Amino acid sequence: MDCENIRKMRISKIFIFFAFGIISCTSQEVSDNQGDRRNTPLEGINLEILGIAQDAGFPQANCEKSCCAAVWKKPDLEQKVVSLGLLDSHKGKRFIFEATPDFSRQLQISKERLPNSELSGVFLTHAHIGHYTGLMYLGHEVMGAKGVPVFVMPRMKEYLSNHGPWDQLVRYENIDLQEMKADSLMAISDSLFVKPLLVPHRDEYSETVGYMIYGPSKKAFFVPDINKWSIWETDIKDIIREVDYAFVDATFYDDSELPGRNIKDIPHPFIIESMEIFKDLSPEEKSRVYFIHFNHTNPVMQVGTEASKAVEAAGFNIAREGLRFRL
């Protein structure tokens, strides 16, 4: 039986299993945590999803599979690499989480949301290509930025400071590296706070963190990359119960997406694993979960697929570009 048929069987089973668990979930309970679309007026402090794809974007380079074929022909279906924008209309500040290969477009979106403001900082999670290489746009050859704060962990600071071409950004003072400490709360505005949490991942060049983001009335958690929930010393369910929005790693739907490659070499929590772990959460708690950071092979990347329907029927959400969340 081919991978597609196996996936369909799994999706059907998951859909049936979870559908019975959400009958008691009213539409109001779910809608309370739904993000507003970006065409609504920007008021207060908001998070906006600027990208949802894995490091390589969607479609992915040299991909001729059916998942990418239609997108090559219809560029409006493209999805940018995972990123969040944090917009404070009270103070005229805007921050971006991750400097992705799509940074130039994501920066422009944030500028359009909050005109007459400056980029107040960039938060990096780790040193994999989709999460920091967009820093190049701040450099001498492009923006020639002046002292943009870039918030990093100690190993990430060392990496950027001592390896080209990134060290040029430091020497030319395009960026100002701001070292963070794990589990330490940091104020970035009068009513905005950020706390980095170390998470297990492939840390060849730097540590990896997720971020707790505290607004004046609501909290969010952002972890686009982690190996497996079971090897993290923190219980992800406790995090979900603590926050209002949880944007969590969902790189792969299941283990059938990369035939010919050892999935153990690319460890991430499969969506089907996460849904099983999260199944005992209340309907309201499930509605806080937004799966994000999708590989191009992940069927939930595209709206209306059976996989997408199964995730939503289980009471969870799929991150989409342009969703906005009040903090």
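## Rings, sheet and cores in a predicted model

Lys-228 lies over the face of Phe-270, at 3.9 Å from the ring centre. A charge counts as over a ring if NZ of Lys or CZ of Arg is within 6 Å of the ring centre and within 35 degrees of the ring normal. This is a predicted model: local features need pLDDT of at least 70, side-chain atom pairs count only at pLDDT 80 or more, and totals for chains, interfaces and linings use all residues. Residues are numbered from 1 along each chain as its sequence is written, and side-chain values use heavy atoms, with hydrogens and water left out.

**Aromatic pairs.** Rings of Phe, Tyr and Trp (its six-membered ring) pair if their centres lie within 6.5 Å; planes under 30 degrees apart are stacked, over 60 edge-to-face, and the rest tilted. The count comes to 17 aromatic pairs. In one of them, the ring centres of Tyr-159 and Tyr-205 are 5.4 Å apart and the planes stand at 35°, so the pair is tilted. Tyr-159 lies in helix α6 (residues 154–162) and Tyr-205 in the loop between β8 (192–198) and β9 (209–214), so the pair ties together parts 46 residues apart in sequence. Helices (H or I, at least four residues) and strands (E, at least two) are DSSP runs, numbered from the N terminus. Phe-95, Phe-97, Phe-123, Phe-151, Tyr-211 and Phe-222 form one aromatic cluster.

**Accessibility.** Buried means under 20% relative accessible area, exposed over 50%, and partly exposed in between (1.4 Å probe, protein chains only).

| Residue | Relative accessible area | Class |
|---|---|---|
| Tyr-159 | 10% | buried |
| Tyr-205 | 47% | partly exposed |
| Gln-79 | 19% | buried |
| Cys-63 | 8% | buried |
| Cys-68 | 0% | buried |

Gln-79 sits in the loop between α3 (66–73) and β2 (83–88). Leaving out residues up to four places away in sequence, Gln-79 touches Ile-52, Ala-53, Gly-57, Phe-58, Met-301 and Glu-321. Contact here means heavy atoms within 4.5 Å. Cys-63 and Cys-68 are listed as buried in the table. The model has 0 disulfides, where a disulfide is a pair of cysteine sulfur atoms within 2.5 Å.

**The sheet.** Two strands pair if DSSP finds at least two bridges between them. An open sheet of 7 strands runs in the order β7-β8-β9-β10-β11-β12-β13, with mixed pairing. β7 and β13 (317–318) stand at the edges, each with a single partner strand, so one side of each has no neighbour in the sheet. Ala-187 is opposite Phe-193 in β8. β7 and β8 form a hairpin with 2 residues between them. Phe-291 has Ile-318 in β13 as its bridge partner.

**Nonpolar cores.** A nonpolar core is a set of buried Ala, Val, Leu, Ile, Met, Phe, Trp, Tyr and Cys residues joined through side-chain atoms within 4.5 Å. Which members of the largest core touch the most other members? Of its 69 residues, they are Leu-86, Phe-123, Phe-247 and Phe-291. β9 gives the most to this core, with 5 residues. A second, separate core of 24 residues includes Val-122, Tyr-132, Val-148 and Ile-175.

Beyond four places in sequence, the contacts of Phe-291 include Val-248, Ala-250, Ile-271, Met-275, Phe-278, Val-311 and Phe-316. Ile-318, the bridge partner of Phe-291, is also among these contacts.
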